[in-house]
Amino acid sequence: MTELKITEIPDEKPVKMTVALPADLHRDLLAYAALLAGNDAAMDPARLVTPMLRQFMMSDKGFARARRQVKVASSAK
């Protein structure tokens, strides 16, 4: 099986957000969802957005650094 970065979709209470995606990105989300689902029932590609964004932000060193600086600055007040 293909090794994917997203391995499971947590069941959390969502906050509604509307985004417009280019058609090619939507097709890629559909393909990713199909790979993740494997032989199971089809998966809604919208469920991939949260873990993908989370993975992206966790791997962004600049974001982590800036976030730490904000936390340090707010705790110093």
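I began with Phe56, which is exposed, with a relative accessible area of 53%. The cut-off for exposed is over 50%, so the value for Phe56 qualifies. I noted that the model is a predicted one.

**Entry on Phe56.** I looked up the element that holds Phe56 and found helix H2. I then checked its distance to Asp28, which stands 28 residues away along the chain. The C-alpha atoms of Phe56 and Asp28 are separated by 16 Å.

**Entry on Val49.** I turned to Val49, which also lies in helix H2, a helix that covers residues 49–59.

**Entry on Thr50.** I found Thr50 in helix H2 as well. Its relative accessibility is 43%, so Thr50 counts as partly exposed. From Thr50 to Leu29 I counted 21 residues in sequence. In space, C-alpha to C-alpha, Thr50 and Leu29 are 12 Å apart.

**Entry on the fold.** I next asked which elements make up the protein. The secondary structure holds three helices and zero strands. Read from the N terminus, the order is α-α-α.

**Entry on dimensions.** I looked up the radius of gyration, which is 16 Å for the protein. A compact globule of 77 residues would have a value near 11 Å. Along the principal axes, the C-alpha atoms fill a box of roughly 55 × 30 × 25 Å.

**Entry on burial and surface.** I noted that 14% of the 77 residues count as buried. The accessible surface of the protein comes to about 6900 Å². Carbon and sulfur atoms account for 58% of that surface.

**Entry on contacts.** I considered contacts between residues at least 6 apart in sequence. Of these, 57% join residues at least 24 apart.

**Entry on charges.** I recorded 12 positive and 9 negative charges in the protein. How far apart are their mean positions? The separation is 13 Å.

**Entry on confidence.** Confidence is highest in helix H1 (residues 23–37), at a mean of 93. Confidence is lowest in helix H3 (residues 61–75), where the mean is 84.

Key:
Residues are numbered from 1 along each chain as its sequence is written. This is a predicted model: local features need pLDDT of at least 70, side-chain atom pairs count only at pLDDT 80 or more; totals for chains, interfaces and linings use all residues. Side-chain values use heavy atoms; hydrogens and water are left out. Helices (H or I, at least four residues) and strands (E, at least two) are DSSP runs, numbered from the N terminus. The radius of gyration is taken over C-alpha atoms; the globule rule is 2.2 Å times the number of residues to the power 0.38. Buried means under 20% relative accessible area, exposed over 50%, partly exposed in between (1.4 Å probe, protein chains only). Contact means heavy atoms within 4.5 Å. Accessible areas come from the Shrake-Rupley method with a 1.4 Å probe; for residues, only the protein chains shown count as cover. Lys and Arg count as positive and Asp and Glu as negative; His and the chain ends are not counted. The place of a charge is taken as NZ of Lys, CZ of Arg, CG of Asp or CD of Glu. pLDDT is the predictor's confidence in each residue, from 0 to 100.
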